[in-house]
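Please keep the sequence and the structure in view while reading.

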Amino acid sequence: MVGDLSALTSTKKKKRKRAPASAVTVTQVSTTRRVKHRRVRYSPWTEPTYSDSTAGDYVDGEDPMVRRAAVEALGQYNGSVVVVNPATGRILTMVNQKLALGSGFQPCSTIKVAVALAALQEKLVERATKIRLYGSRSMAMTDALAHSNNYYFANLGKQLGYEKVNYYARLFGYGETAGLDIPGEKPGHFPSAPPKNGGVGMLTSFGEEISQTPLQLAAIMSALANGGTLYYLQYPRTQQEIDGFVPRVKRQLEIQDLIQEVKPGMQGAVEYGTARRARQEETIMGKTGTCSEGRTHLGWFGSFNDAGPNKLVVVVLLTGGRPSIGPMAAGVAGDVYRHLAEQNFFAANHNAMTPAALVSTQICCSR
């Protein structure tokens, strides 16, 4: 049992022979040390929450200002930050390249953006259409995206059916590499049939059995930011490659009108929903995702700024224990935007865009 140190202290008085009229109080200090009994708490998570996420990264060719902002924002968290110029598909920084280029993780609720676009394209709903959830409660798309409502998107998935969900998911880049000749990049995975756990409803609300890479989410967010162009993401590593950079179009998505329907929900996520930690003066659009895969907790946030001439896509993936959640990932992304704004990165003349005349268009589904 841990005792009170004050109770363990004893005092004794001794008379000094040379001065019998005076007395000195001598305090004997106990040498007993406080013993701490630590409770052993069971944790279901095997992936560490904190790690040096920059270890092993090769940074030549990256934008140093963007790299610094991303590293500072991620801090000690175990995860990855990918920042892309959505007007060209150039990757400006990739923090934790091993994680970003790996086989991917369950997308959690970030899959809901693709599902919303598919449902709008199929005219199953409009943005203002309310879907009955349970009891007397109903919800329209804007609030369903902002609050990441699982019932809403499970219902959309059931109405769409697996075949249409599969078609649109692959159209948006799931199951294929997002980059152009980036060494080590994996294509992720999209299931060839509805998941055994929960069927298509779990697929469209939690991303069940899907493996999404940070690059795939960055490519989708780039298409939303630029009006529907799905670029091959490119990662120039030398000054020569940067000087000769030419954007490459994977395919043109017919979603320009639909983007305006999902933007209010993505802005709502930042203004009053699950991504409030990313909120700042600039308009940020985003979608969080939180779930667990095996014994790893996941926190996703895919986003882009929607003001000024220089847009950026910022994707954050956190892995680890309980703190690895979508709202925390949104906070990391918010710090990236904030750091760059403080350095006037979004000024009109920063990093002039590659002229549109240099764009090489390749209309196909795979390379």
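Two strands are said to pair if DSSP finds at least two bridges between them, and helices (H or I, at least four residues) and strands (E, at least two) are DSSP runs numbered from the N terminus. The model is predicted, so that local features need pLDDT of at least 70 and side-chain atom pairs count only at pLDDT 80 or more, while totals for chains, interfaces and linings use all residues. Residues are numbered from 1 along each chain as its sequence is written, and side-chain values use heavy atoms, with hydrogens and water left out.

The chain holds eleven helices and twelve strands. Of its 367 residues, 51% are buried, where buried means under 20% relative accessible area, exposed over 50% and partly exposed in between (1.4 Å probe, protein chains only).

Five of the strands form an open sheet with antiparallel pairing, in the order 4-3-11-10-9. Its edges are strand 4 (90-95) and strand 9 (284-293), each of which pairs on one side only, and the twist from one strand to the next averages 10°. Strand 3 (residues 79-85) is joined to strand 4 by five bridges in the antiparallel sense, and Asn 85 has Arg 90 of strand 4 as its bridge partner. Helix 11 (residues 326-342) packs on this sheet, touching strand 3, strand 9, strand 10 (296-305) and strand 11 (313-320), and its direction makes about 40° with that of strand 10. Contact here means heavy atoms within 4.5 Å, while axes are lines fitted to C-alpha atoms, for helices over the stretch in contact, and angles run from 0 to 180 degrees between N-to-C directions.

Helix 11 also packs against helix 1, at an angle of about 140° and with the axes 8 Å apart. The two helices are therefore oblique to each other, because angles under 35 degrees count as roughly parallel, over 145 as roughly antiparallel, 65 to 115 as roughly perpendicular and the rest as oblique. Among the residues making this contact are Met 65, Val 66 and Ala 69 of helix 1 and Val 332, Asp 335 and His 339 of helix 11.

Finally, Pro 48 is found in the loop between strand 2 (23-28) and helix 1 (64-74), and counts as partly exposed because its relative accessibility is 44%. Leaving aside neighbours within four places in sequence, Pro 48 is in contact with Asn 78, Thr 319 and Gly 320. The C-alpha atoms of Pro 48 and Asn 78 are separated by 6.9 Å, although these residues lie 30 residues apart along the chain.
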